[in-house]
Every structure is written in C-alpha cells, then in structure tokens.
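Subject: Structure handover

Hello,

Here is the structure I said I would pass on. Please open it beside this email, and my notes follow below.

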Amino acid sequence: MSSPYQPERNPELKSEPSTEHQFVQKAVNLIIQWSPLGGSLGILAHSILQQNWVIAVLTFPVMLVTVVWAKYTENFTARVGDWAGEKGKRDADSFTSWLDQIDQALRMQLSGFDGKFLKAQSSACRLCVTDNEVPIPLGLTNPDLDDVYVPLQLSRDFFRSRNGEMLPNLPGLQRRDAEALIEAAENRKPFDIWDILTRLQTSPNLRSFAILAWGGYGKTTLLRHLTYCYCTRPHATRRRHQTPEFIPVLLMLRTWRDEIAQPDPPSLPDLITQHHIPKLPGGKNLTIPAAWATRLLHSDRALIMFDGFDEVADEQRVAVSRWIAEQMQTYDRCTFILTSRPNAYSQDYAAERPQLELKVEPFDEDRREKFVKQWYLAQERNAVSTASRNAADVEETADRRAADLLAQIEQRKELADLAKNPLMLSMIAMFHRSLPNSQLPTRRTELYREICGLQLGFRPIAKRIDLLLDAEPSQKILQTLALAMTEQEKTSIAEPDLLTHIAEQLRRLDEAVAPAKWLAQIVQVSELLVKRDEDYEFAHRSFQEYLTAVELKEQQEAGEAQVLEHFTAEFWQNTILLYVSLLQNPSGLIRAACGQGADAIAFAYDCCKMNRRVEDAVKAEVNQLRYGRLENLLATGQWKAADQETFNLMYQTLDRQWTVKGLLNYPCEDLRWLNDLWLNYSNGRFGFSVQKEIYVACGGILDGKYHREAWETFCDRVGWRQEGKYVYYGKLTLDPLHSPDGKLPCGDGCVGFGEVGVGLYLLSHRDL
C-alpha cells in the first residue's frame, strides 16, 4: 500500500519516479505539512506542564488549524509537484526543439541551399522577356533584363481606399512615411516599387499589395526585375534602396492555377518545394532541406509574388483568390505582391484583398527615351564581338539608331500613343532595327501585321529554311486556331487538341502536310506559337487577339455576328478593338452594339476612338447615349451616383489616365456637355464653371499649377475640407439642400486625386 503522503502519479508521465526521488519527495511533504504542528504541539505541552491554562487554551485551536494545514498541503504539494514536472518537461522539449532548429539552420547554411535556390530562381528571370515572350526577329537577341529595365511609375490612385475614399494615411504606413509619399505625389515625383518596399522598414504592417495594369504594361517584367535583383545582388540591392532583406519566390499563377484551384490544394510551402523549385532551371537537381519553405515563410525574409491573376480561368478565380488570401493570413510575416489586369481583379477576386492597390502608369517621354537607348545599346553590343563590345563606334551606332526611332515616335501621335505601352514600345524597337531606314507603322494592327510577316516570311528566308507551308496558309491556320481559343476564352491549348485542329485546317486547305511536323516547324522558326509545359499558346496574348480579329474580318457577316454576340465580354474586348480598327467603316457595327445597354455604349465609345473612319453622326449618337445615364441620374436626384458617373466618363475620355496634360487639354465639347448637365439640373448651383468662379474668388490662379493657400481656401468654401482636414468622400454630404454652391461635382477625381485634386487642373481649362 502506498504512503498517504505520496502524491498521486500523473497518468500522462511515461516512467515511474526513482526510489531516491520518492524518498526526497515524501521527506519534503512531511516537513511542509507538520513543521507548523511541531511548534504548536511543543507550546501546548509546555503550557500544561507549567499549569499555564490560558496559554494552553489559546494554543489548542492553533494545533487544530495545523492539522487542517497538513491535510490541505497533502494534495496541494502533490498538484504543485505535478505542475512543475510537466512544465519542466515542456521547457525541456522546447529547448530541445530550439536546439534542433539551430542545428537545421546551421546545416542549411552549410549546405548553401539559399544560394542554390537564388541561382535557380534568377536563371528564370535573367533575360528581358515576359512569361509571355514576344517573338524576336532575326538578328536580334533578348538582352539581359539588367541592361534595359526601366522602373515603372506607379499611379497616385493608391492614395484612395478600396472604396475610393481619400486616405489621410496609407494603410499600414507610419505617418511620416505617408507624408513623404504624399509630398512626392504633389511634387510630381515618380513612384516605383522600391519606394513601397523601403517603407516596410518603418511600417511592417504593410505586407501585401496588388499591382494592376492592362496587358503589356510590364507587370511581369517588374516582378522579374525584383526577383533578379534580390537573387543576384541582395546586399547591394538592400544598400541601394534601403529595403529589408528578402528571398524572392516568383510564382506564375497561369502555371499553377490548376493545382491551386483543386478541392484539396497544396499549401504554399508544398507548392514552392514540390512544384515550383523542381520547375526552375536546375531545380530538379536541388536537395531541399526539410521544412525549408515553412521556416522561410514564418520569417520576415520571404517576398512572395503571384503573377497574373487575370490569366487564371474565370471558373477558377474565386478558388484561387481564396487560396491566396489564406496564404497571406497564414504567413503574415511575409511580403506578398499580386499582379492582375484591373477587370479580373475587381470583378473576380472574391476573398480578402491585399492592403494596397497600385496602378502602373504608361511610359512617359523620359522612360520611353531611356528604354530605347538602353535597348539599342544592348542590341549593338550583342551584335559585335566581346573584344569590341565597349568600343565607341558601338555606342555611337546605338545612339544614332535610337535617336532615329525616338524622332519617328515624337513626330507621329499614333506612334507616341502606342509607345506608352512598354510591350508595344519593345515591338516598335524590334521592327525598327529589323528594317532600318523604313517608316514605322502608325497603327497597332499594322505593326502586328508587319511582325507576323517578318516571322512567317522574312525570318525563314533569312535562315534559309523551306517552310512546309507558305506564310499565307500558315497564318490562316494560326488565325483559325486563335479564334477557336478565343471562343473558348482560353489562352492555351493541349497538344492533342492542337494537332486535331491543325489536321482539320490542313484538310480544308488541301495540304498534304503532317500536323506534327508543321507544328514543330512553326514553333521553331516563327516563334509566334510556343510550348509552355505540356500546352501550347501564342507568344503573347496580343498576337492571339490580333489573329482572331483578322479571322473575324475575313469571315465578314459571320465574324460581325460573333463580335456583336461577345461585345461586352471582358475576354473579347482587346480582340474587338483590333477588329474595329481593321474595318473600313465600323459605323454600322457600333450603332448596332449600342442597343445592348450601358456597358455596350461605353465600349462603343472606345471603339470610335480606335477607328477614325467612324461617321461623325455615329460618334455624336454614341456620345449622346454615353451621357444619357448621367442625365437620368441628375434628373432623378441621385447626386452621388451622378457624381461618380461624371468621373467615370472623364476617366474613359482620358484613356483611363489622370494626367495634368490630359486635364488641361480635356476635349472641349465633352467638358461643356458635362458642365451644362450639372448646371441645368442643379439650377446653376453645381458644375465646373461654378467651381472655377469660386476658385478665382479665393485667389486662385488659372495657370494649371498648385497654389496651396488658394486651393485650401476653395476646398473650405465648397465643403471638401472641414476644420483644416480633407473629408472622406464617403462622408461628404451630397444633398443640394445641405451643400454649398460648387460642392458638386467632386468625386474621387477632386477630393481623392492626392490632396490636390483633378479639379485644380480641370478648372484651368481654357474653354471652361
């Protein structure tokens, strides 16, 4: 039988305590329990012997309490002992685990895996190509990204919240960092990605952001540049930009969308180790240390980049967005960047979104000039031997050819508009160098046509390769393929399906050519069609869109019926714009499309701008319909909706770019139309002309520049500021009965465009 003073053994302990341990524990229990009794019992006995009955009576209760204490401590000490034992066990386990982590970290450092991973990741990002490569004409090379990269300028729109409200401080940024960015915005200083990453040093809560831009604006190239910098020269990158230390992981969503969208998707660590790393150059030969990705993601050293949310299939986007959000929440110490085209992100990203949404601005003249000069220098250096690579004549040749290209762009507005898009600018440069001394095409469709001609005609001739089919039938097969993929809203096709399509088209053309041989040759020689993993796709989505447009045009009535059927479908919009630009007179198509509702009318306006041959009467009709929704909102007193519609219309008119030059030269007819509608339905109280009068009365100078005192006084007068602070757009009172004259229109465009506002530049318009 066990001693009554031995504590009950914890059933979770795996081994019995030793005999010595039991003896010590019992001795301690006895001392704790009965030491008070020894003192009180001695005093009681002494008092009885001395016949000191008063002391004896007083001591007796103390002795009883002592007995109770002994009984109490019997279980108390047992429980305390159990707790201490368990805590010691846990602490020992934690210490052992910590030693294990130290051991694994040392093994990882000694194995040099970080360096091996960075080398493999950088190899995938070295050349100046996007994941959707643009075909390189004969005699040209893909230069190193380092040689030609030009930092992209980020839009100031990110000073608004997701709801379009003006933010007094960027989410997650310390106040001093936000003020620095706002000051830079007011001074028209450009932002690039390094400005944001630098703020992570003092604002670690800013850990996720989305970069939004239309196709060809360099989203993928931006991520490749970040990856390459951190992989190849991490210490120099940190010193130069004052950014945190990062190990970059660049994940192409178009590659991993099927794995992520499945019912039981892999975790981010599993995606990195089991899928991403083996796909990198040399990645299959790497031995990945245990839990390497997990430890990286639980540190603050991971820069995780998800590229191309818009390239995820429509039916997969909800699942993919939820997976991304889950990874951001689970690994909240990482820095995450997501890229997408705006429509896909705004419509289909269903989960919790990143903290910031940044927009890429078009190339300005400075960036255009810098890119062209760097690109030409890289091409000329690659064209000569290594020994003379830095020779003065090489640089002189590059400068001369770059100057000729820049002069053509500057002298022709159509080319200048195309050159705002980095992809189109690189294509213009390639065409210019391939055919020196020739005049460049001025329209997108002409440029695509010439490049297709180069790749299918001139390129094989120059390489002395006899194609199985001439350029014309080869392009016809590519056109029908592009249309078939567009009809299914896909940008890739499996090899068996592709070979079936090619065989069918060869039968229609009555050509006795093996489909597999034609496919292999067209991939090798033209590079208009490329293989990605197990599927095939066009070298860039824009080529699929162009070839689809050409095929639709050749189908005449059937093609136009297809265009009208898909007129408001997002996937089709670039294709339709190219189709419209190919038509001699698209007036009938545009008039027919306007009967499909407000979205179709808005897109019809874009189509009118793509083709100058649209009849003036049709343009006027579209414009009138375009302002119809605004007029209806004003007539029914829906002031806030009318305000937002006003700036939506303006944004579209300015080709979706808020620029000072664009505002100062806003189309006169459109501006008067907007202003007259506001004046008419507000009884002369609201409108841009009313605001202009108030601004001048506040001391404003109509020179298109920011005069802080006059602007702030004006904002106080019209109610955009209260007590010296700008008011959130969502909290503005937009009721004419409770609003001062000139308060409307305001919208994101005035209160939300930095603190300065679109209105400042718009009010300086010469025809207002």
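Helix H19, residues 471-487, lies across strands E6, E7 and E8, and runs at about 105° to E8. This is a predicted model, so please read every value below as computed from it.

The sheet under discussion is an open one made of three strands, in the order E6-E8-E7, with antiparallel pairing. E6 (493-494) and E7 (529-532) stand at the edges and have a single partner strand each, so one side of each has no neighbour in the sheet. E7 is joined to E8 (residues 535-538) by four bridges, and these two strands run antiparallel.

E5 runs parallel to strand E1 (residues 208-212), and four bridges join the two. Lys 359 in E5 is the bridge partner of Leu 212.

Next, the helix pairs. Two packed helices are described by the angle between their axes and the distance between the axes.

Helix H14 (residues 365-383) packs with helix H15 (residues 392-411) at an angle of about 140°, and their axes are 8 Å apart. H14 and H15 are therefore oblique to each other. The crossing of H14 and H15 is right-handed. On the H14 side, the residues that meet H15 are Arg 368, Glu 369, Val 372, Lys 373, Tyr 376, Leu 377, Glu 380 and Arg 381. On the H15 side, the residues in the contact include Val 394, Thr 397, Ala 398, Arg 401, Leu 405 and Ile 409. Sorted by type, the residues of the contact of H14 with H15 are nine nonpolar, one polar and eight charged.

Thr 397 lies in helix H15. With a relative accessibility of 19%, Thr 397 counts as buried, because the cut-off for buried is under 20%. The C-alpha atom of Thr 397 is separated by 8.3 Å from that of Leu 377, and the two residues are 20 residues apart along the chain.

For helix H31 (residues 668-681) and helix H32 (residues 688-697), the axes come within 8 Å and cross at roughly 90°. That makes H31 roughly perpendicular to H32. Leu 671, Leu 674, Asn 675 and Leu 679 in H31 meet Phe 688, Ser 689 and Val 690 in H32. The residues of this contact divide into five nonpolar, two polar and no charged.

Some single residues also deserve a note.

Is His 276 buried or exposed? His 276 has its place in helix H10 (residues 268-279), and at 5% relative accessibility it counts as buried. Leaving out residues up to four places away in sequence, His 276 touches Phe 117, Gln 121, Val 249, Leu 250, Leu 251, Trp 256 and Leu 271.

Ala 291 has a phi near 60°, which is a positive value in a residue other than glycine. Ala 291 lies in the loop between H10 and helix H11 (292-297). Its relative accessible area is 41%, so Ala 291 is partly exposed.

Glu 723 also has a positive phi, of about 55°, although it is not a glycine. Where is Glu 723 found? It is in the loop between strand E9 (721-722) and strand E10. At 82% relative accessibility, Glu 723 counts as exposed.

Leu 744 and Pro 745 are joined by a cis peptide bond, with omega about -5°. Pro 745 is in the loop between strand E10 (725-726) and helix H34 (747-751).

Last, the chain as a whole. The chain has 35 helices and ten strands. It has 768 residues, of which 49% count as buried. Among contacts between residues at least 6 apart in sequence, 71% join residues at least 24 apart.

Best wishes

How values were computed
Residues are numbered from 1 along each chain as its sequence is written. This is a predicted model: local features need pLDDT of at least 70, side-chain atom pairs count only at pLDDT 80 or more; totals for chains, interfaces and linings use all residues. Side-chain values use heavy atoms; hydrogens and water are left out. Axes are lines fitted to C-alpha atoms, for helices over the stretch in contact, and angles run from 0 to 180 degrees between N-to-C directions. Angles under 35 degrees count as roughly parallel, over 145 as roughly antiparallel, 65 to 115 as roughly perpendicular and the rest as oblique. A crossing is left-handed if the near helix is turned anticlockwise from the far one by less than a right angle, and right-handed if clockwise. Contact means heavy atoms within 4.5 Å. Ala, Val, Leu, Ile, Met, Phe, Trp, Tyr, Cys and Pro count as nonpolar, Asp, Glu, Lys and Arg as charged, and the others, Gly among them, as polar. Two strands pair if DSSP finds at least two bridges between them. Buried means under 20% relative accessible area, exposed over 50%, partly exposed in between (1.4 Å probe, protein chains only).
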